[in-house]
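The stops below can be selected one after another.

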Amino acid sequence: VKLVESGGGLVQPGGSLSLSCAASGRIFSVTSMGWYRQAPGRQRELVAIIRSGKNKEYADSVKGRFTISGDTAWNMVSLQMNSLKPEDTAVYFCYTRIKPSRTGFEEDSWGQGTQVTVSS
């Protein structure tokens with residue numbers, strides 16, 4: 001499975017950015033799709049994710065500021081980030097868990113990552 005990310009960049013505190021991710025390859029079904037991030041010297045952490053096509057989960061630190069959208073049936077997901085803070089600075093990775101066939105095991109895939117920098 002290949003994940004292609006777009007978006008990211010440099011923004012001032014309080015600004016907004018949008019990230020998008022599209023999955024392609026051998027995909028029978030998508031179990032979950034979303035975003036993680038990793039700041040320098042820190043562990044990769046969940047930002048937001050859509051599970052089972054409908055259920056959305058957010059990290060407490062981004063609730064009310066970030067919105068994840070998309071449809072796992074369409075193999076696409078976007079992340080709208082508003083009211084950005086310097087502590088949101090990180091490399092953001094698209095993530096998906098898919099089944100390659102009806103009887104196949106679930107597989108995890110990661111995008112290459114896109115840098116988000118929040119700074120004045």
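Predicted model: local features only at pLDDT ≥ 70, side-chain atom pairs only at ≥ 80, totals over all residues.

Residues are numbered from 1 along each chain as its sequence is written, and side-chain values use heavy atoms, with hydrogens and water left out.

**The sheet**

Select β1, β3, β8 and β7: in that order, four strands make up an open sheet with antiparallel pairing. Strands here are DSSP runs of E with at least two residues, numbered from the N terminus, and two strands pair if DSSP finds at least two bridges between them. Now colour β1 (2-7) and β7 (66-71), which stand at the edges; each has a single partner strand, so one side of each has no neighbour in the sheet.

Next, keep β3 (residues 17-24) and β8 (residues 76-81), which run antiparallel and are joined by six bridges.

**The aromatic rings**

The structure holds three aromatic pairs. Rings of Phe, Tyr and Trp (for Trp, the six-membered ring) pair if their centres lie within 6.5 Å; planes under 30 degrees apart count as stacked, over 60 as edge-to-face and the rest as tilted.

Select Tyr36 and Tyr95: the ring centres are 5.5 Å apart and the planes stand at 70°, so this pair is edge-to-face. Tyr36 belongs to strand β4 (residues 29-38) and Tyr95 to strand β9, so the pair ties together parts 59 residues apart in sequence. Tyr36, Tyr95 and Trp110 form one aromatic cluster.

Is Tyr95 buried or exposed? Tyr95 is buried, with a relative accessible area of 7%; buried means under 20%, exposed over 50% and partly exposed in between, using a 1.4 Å probe and protein chains only. Trp110, at 38%, is partly exposed.

**The loop**

Finally, go to Ser101, in the loop between β9 (90-99) and β10 (107-110). Ser101 counts as buried at 18% relative accessibility. The Ser101 side chain reaches the backbone nitrogen of Gly104 at 3.0 Å. Not counting residues up to four places away in sequence, Ser101 touches Arg26 and Phe28, where contact means heavy atoms within 4.5 Å.

Note on methods
Polar contact = N/O pair within 3.5 Å; in protein donor to acceptor, adjacent residues only side chain to side chain.
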